[in-house]
Amino acid sequence: MVVGHNPSLSRFLSLLLSNHTTDKAIDLKKGAVARVDWDGRKAAVLQWCLTPKVIRSLYETAAKSSRPKTARK
């Protein structure tokens with residue numbers, strides 16, 4: 001897991017994903033989450049990237065579909 005701030009994080013991921021050929025391959029927005037697999041030898045592989053808008057939508061969908069909390073006695 002890597003946590004950071006832009007533009008450093010976007011540049012770092014771009015270099016990792018492009019095997020150091022470009023630093024403009026990905027542009028993460030504030031609050032974005034990305035999963036990258038890397039074995040340390042060749043270019044990394046972007047598995048998924050979620051924008052804050054998608055994360056918010058997933059959260060709202062999950063909140064609507066969850067059962068209401070009930071008190072146990």
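Apart from its neighbours within four places in sequence, Ser-14 is in contact (heavy atoms within 4.5 Å) with Thr-22, Asp-23, Lys-24, Ala-25 and Ile-26. The structure is a predicted model, in which local features need pLDDT of at least 70 and side-chain atom pairs count only at pLDDT 80 or more, whereas totals for chains, interfaces and linings use all residues. Residues are numbered from 1 along each chain as its sequence is written, and side-chain values use heavy atoms, with hydrogens and water left out.

Ser-14 lies in helix α1, which spans residues 8-17; helices are DSSP runs of H or I with at least four residues, strands are runs of E with at least two, and both are numbered from the N terminus. Because its relative accessibility is 0%, Ser-14 counts as buried, the classes being buried under 20% relative accessible area, exposed over 50% and partly exposed in between (1.4 Å probe, protein chains only). The side chain of Ser-14 also reaches the backbone nitrogen of Ile-26 at 2.9 Å.

Most residues other than glycine have a negative phi, and most peptide bonds are trans. In the loop between α1 and β1, Asn-19 has a positive phi near 55 degrees and is partly exposed, with a relative accessible area of 43%. His-20, found in the loop between α1 and β1, has a positive phi of about 65 degrees and counts as exposed at 63% relative accessibility. In the segment before α1, Pro-7 is joined to Asn-6 by a cis peptide bond with omega of about 5 degrees.

Val-33, in strand β1 (residues 33-37), is partly exposed at 36% relative accessibility.

Technical notes. Polar contact = N/O pair within 3.5 Å; in protein donor to acceptor, adjacent residues only side chain to side chain.
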